[in-house]
Each structure stands twice: as structure tokens, then as C-alpha cells.
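Keep the sequence and the 3D view side by side.

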Amino acid sequence: MKQLPRLSTAQIWNMSVGFLGIQFGFALQNANASRILQTFGANVEHLSWFWLAAPITGMLVQPIVGHYSDRTWTRLGRRRPFFLAGAIFAAIALIFMPNSGSLTLFIPPMLIGAGMLMVMDASFNVAMEPFRALVADKLPNEQRARGFSVQATLIGIGAVVGSLITYVLAEWLGVSKTADPGIVPSNVIYSFYVGAAVLVGAIIWTVVTTKEYSAKELKEFGVAEETDDTKEKDAGFMQIFKDFAAMPKTMKQLGLVQFFSWLALFGMWVFTTPAIAQHIYGLAPNDTASAEYNNAANWVGVLFGVYNGVAAIFAFTLPFLAKKISRKGTHAAALAIGAVGLISIYFIQSPTMLIVPMIAIGIAWASILSMPYAILSSALPAAKYGIYMGLFNFFITMPQIVNGIFGGPIIKRVFDSQAIYALIIAGVSLLIAAISVVFVEDKMEKEG
């Protein structure tokens with residue numbers, strides 16, 4: 001059987017450039033969605049409920065996209081049509097979300113904003129899932145750690161720019177950072193416009209520069225030999241549930257790691273803005289329109305840019321570290337460092353000093369974006385990369401749903417709406433994830 005050919009550095013980068021655009025938009029959402037929803041009237045304890053749009057749509061969309069992208073053959077290939085469709089709809093949502101207040105006179109803008117958040121997340125997921133499968137489609141096993149690390153680097157670059165852009169527009173280019181109550185500031189609105197353009201442009205770059213293998217070629221490489229099985233075709237949508245029940249042991253073990261990792265990440269994304277505004281800037285929980293609140297929110301964008309920038313740089317070291325201390329050892333160490341960073345925020349009083357824990361979080365983020373997928377890809381049947389990468393998303397979305405349902409009420413009733421405690425909980429969760437890595441079976445290490 002022929003082996004997948006090794007790809008050049010340029011080819012590996014080109015096939016993942018679209019991820020830069022996706023993460024640009026995703027970073028805008030992470031840094032500004034809570035701010036926008038609070039502007040439209042959401043309380044701190046309700047923020048996590050609105051953010052449920054993200055994991056719920058991901059849980060529904062990614063397995064379906066993975067299932068059908070394994071079986072979709074067009075002139076563009078089987079992954080690229082999903083990249084393009086997802087990018088177009090995500091760009092539309094990026095344009096409309098910060099303008100929700102002017103879209104209707106009959107429906108509260110907060111509900112319109114939440115609806116746009118759901119459309120945006122569904123579209124991100126449509127575009128995102130096939131990128132993971134494309135690495136497995138195109139790269140031999142020995143290049144996959146590098147392929148996922150390149151994705152992590154490009155994700156970091158896109159996220160840095162996406163996180164910083166509201167601050168840059170306001171502080172460097174003089175775009176207004178404040179507005180009347182109920183109105184989203186201009187610097188946020190314009191940043192979402194830029195994000196839409198970057199997202200579509202980056203996806204088009206990958207679509208144009210990356211050629212997918214045909215069904216015949218993939219069969220020769222042993223990657224698609226099962227996709228023509230008549231019985232499985234007849235099973236149709238029900239095959240998703242059969243594949244879930246038959247998931248490899250390594251995938252189940254990684255599922256526990258992912259659960260606690262993403263429980264932490266969701267808490268960080270949802271509650272960092274109110275946590276910093278309250279704990280560092282000394283603002284009341286109901287202050288969502290003052291100049292100081294907007295300064296805090298803009299600074300959170302900078303901090304998110306820092307951790308994403310660190311992730312982009314640190315991702316280059318991951319293949320080297322994986323060879324030295326194993327993929328499991330690398331991931332466990334990175335998660336533990338991130339846990340210390342999150343917990344340390346409680347002890348910091350200076351906005352500038354928050355950069356230090358963000359460096360630690362960036363190290364964890366780089367590993368979360370690459371090491372679990374590198375370990376998983378070695379344990380999957382070749383013909384089912386798409387569906388299993390999609391099903392793996394359950395272990396990302398479920399913890400977010402759990403945090404989304406219970407996180408807000410816990411912060412309100414147990415911690416008197418002091419959002420800083422959400423970050424401490426996130427740190428403890430990340431530490432549990434680090435411990436869980438020890439029990440994962442990495443087939444590549446076992447065979448090596």
C-alpha cells in the first residue's frame with residue numbers, strides 16, 4: 001500500500017491558513033461577546049447561559065459535518081466546500097452581531113445578539129471541523145504533530161490580531177471606545193467588520209492553494225478504503241451513533257482530559273471581562289457602560305492577545321518537546337502551567353501584571369490546540385478521521401454546556417457575583433486535566 005507523501009513546509013502552512021481567519025473571528029467573539037451582551041442588558045450571572053449557543057451548536061454541527069465531509073466528493077474536494085460555506089455565514093454573523101440594537105424595534109437586541117452568536121458559532125464549527133480532518137487526510141503520521149502545531153501557530157496569530165484590534169482601533173487610531181447605554185462602541189463594531197473580511201480571505205487562500213486527494217488516491221493511501229462500504233452508506237445518519245459507540249479507547253481517555261480543559265476555557269472566556277473589571281478595576285457588577293469598564297474590557301482584549309501570541313510562539317516548540325518528553329508529558333506540563341496562571345490572577349492587583357498569568361495560559365492553550373489531536377489521530381481508523389474528529393468535539397462542548405448552565409448561578413449565589421472565583425475554578429479544572437493526561441494511552445509511544 002502506498003504511503004501518504006510528506007508535504008513541504010509551504011504546503012503544510014497553506015492548508016491551515018484558513019484557521020487563522022476562523023480564529024480571528026473566534027477571538028473577536030471570545031473577547032467581546034460578553035461585553036456586547038452586557039451592553040444589551042445581560043447580567044453577569046446570565047452571561048454563561050447566552051454563551052451556551054457556542055457548545056450546543058458545536059455539539060450538533062461538528063459530528064454531522066465530520067460524517068458528511070468523509071463522504072462528500074466535489075470538484076473542490078470533500079473538506080473545502082465546508083470551509084467556504086462556514087466562512088460566508090460566519091462573516092455575515094460577525095457583521096450583524098454588534099449591530100443587533102439597530103436591527104429591530106420589536107425584539108430585544110439582546111436576543112438578536114444571542115441569535116447572531118449562535119449563527120456565528122454554528123458557522124465557525126462548519127468551517128473548523130474539516131481542518132482537523134484535512135491534516136489527517138494529507139499528512140503521514142510522522143508529520144501530524146507538526147501539522148497540528150502549525151495550526152496552533154496560525155490560530156495564535158489570528159487570535160492575537162482578533163483580540164487586540166478593539167484596543168488598537170481605540171487607543172492608536174482614535175476610534176470611539178464608548179457609546180450611549182445600550183449601544184456598542186464604534187471600535188467594537190469596526191473590529192467585527194475587519195474580522196469578517198479576514199475570515200473570508202483566509203479561507204479562500206486555503207481553498208485556492210490546497211489540493212485535496214481524490215477518492216481513488218485516498219483509497220490507494222489506505223485513508224478512504226471504507227467509505228464505499230454499501231452497508232455503512234445505507235446506515236446514513238445513524239452511523240454517527242454507531243461510530244460514537246465504537247470510539248477507540250484512547251479517544252475515551254482523552255475525552256476526560258478535554259472535559260476539564262474546556263470546562264476551564266469556557267469559564268475563562270465568559271468571566272474574564274467582569275472578573276478583571278471587578279477584581280482589578282474595582283467596579284461594581286452592574287457597571288457595564290462607564291469609561292473604566294470599557295478600559296477594562298479593552299485591556300482584556302490585550303490580555304487575550306498576549307496568551308494567543310504566546311501560544312503561536314510556543315506551538316513551534318511542541319514537536320521538539322513531544323520527542324523529548326513524549327506527547328503526554330508535554331501536554332500534562334503545559335496544562336499544569338496554565339492552571340497555575342489562572343489561579344494566580346486572584347493574587348494580582350495591577351492590570352499590567354496580568355500579562356504574567358496570560359503567558360502561562362498561552363502555553364496551555366498551544367498544547368490544547370494540538371497535542372490531543374496529534375495523540376488522537378494515531379488511534380483512529382484511517383477512513384473515519386472526519387467523523388471521529390467531529391465526535392471528539394462532544395468532549396469539548398459538553399463541559400461548556402455544564403459550565404454554561406451552572407457557572408453563572410454558582411458565581412451569583414455562592415460567590416455574590418464576584419466573577420474572579422470563576423477563574424479560580426477554571427484553574428483547578430485545568431489542574432485536574434493535567435493529572436488525567438497521565439492515564440491516556442498514546443498508541444504512537446506504545447508502538448515506538
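F392 is buried, with a relative accessible area of 0%. Buried means under 20% relative accessible area, exposed means over 50%, and partly exposed lies in between, using a 1.4 Å probe and protein chains only. This is a predicted model: local features need pLDDT of at least 70, side-chain atom pairs count only at pLDDT 80 or more, and totals for chains, interfaces and linings use all residues. Residues are numbered from 1 along each chain as its sequence is written, and side-chain values use heavy atoms, with hydrogens and water left out.

Stay with F392. Its ring forms an aromatic pair with Y373. Rings of Phe, Tyr and Trp (its six-membered ring) pair if their centres lie within 6.5 Å; planes under 30 degrees apart count as stacked, over 60 as edge-to-face and the rest as tilted. Y373 and F392 are edge-to-face, at 5.7 Å centre to centre and 85 degrees between the planes. Y373 sits in helix α17, while F392 is in the loop between α18 (385-391) and α19 (394-413), 19 residues apart. Helices here are DSSP runs (H or I, at least four residues), as strands are (E, at least two), numbered from the N terminus. Y373 is also buried, with a relative accessible area of 6%.

Y373 has another partner. The ring centres of F148 and Y373 are 6.1 Å apart and their planes meet at 35 degrees, so this pair is tilted. One aromatic cluster is formed by F26, F124, W262, W269, F304, Y307 and W365.

Now the core. The largest nonpolar core has 135 residues. Such a core is a set of buried Ala, Val, Leu, Ile, Met, Phe, Trp, Tyr and Cys residues joined through side-chain atoms within 4.5 Å. I22, M251, W269 and W365 have the most contacts inside this core. Helix α12 (residues 249-279) gives the most to it, with 15 residues. M251 touches L376, L380, Y388, L391, F392 and F395, leaving out residues up to four places away in sequence. Contact means heavy atoms within 4.5 Å.

Q23 lies in helix α2 (residues 17-39). Is Q23 buried or exposed? Q23 is buried, with a relative accessible area of 3%. Beyond its neighbours within four places in sequence, Q23 is in contact with I155, G158, A159 and W365. S191 is found in helix α8 (residues 186-209). At 0% relative accessibility, S191 counts as buried. S191 touches F24, L28, I165, T166 and L169, not counting residues up to four places away. Its side chain reaches the backbone oxygen of V188 at 2.6 Å. The C-alpha atoms of S191 and G162 are 7.9 Å apart, across 29 residues of chain.

Finally, step back to the domains. The chain is assigned domain 1 (1-221) and domain 2 (237-442), with bounds from an automatic or database domain assignment. Their centres, taken over C-alpha atoms, are separated by 18 Å. The contact takes 57 residues from domain 1 and 60 residues from domain 2. The largest nonpolar core has 135 residues and draws at least three residues from each of these domains.

Terms used
Polar contact = N/O pair within 3.5 Å; in protein donor to acceptor, adjacent residues only side chain to side chain.
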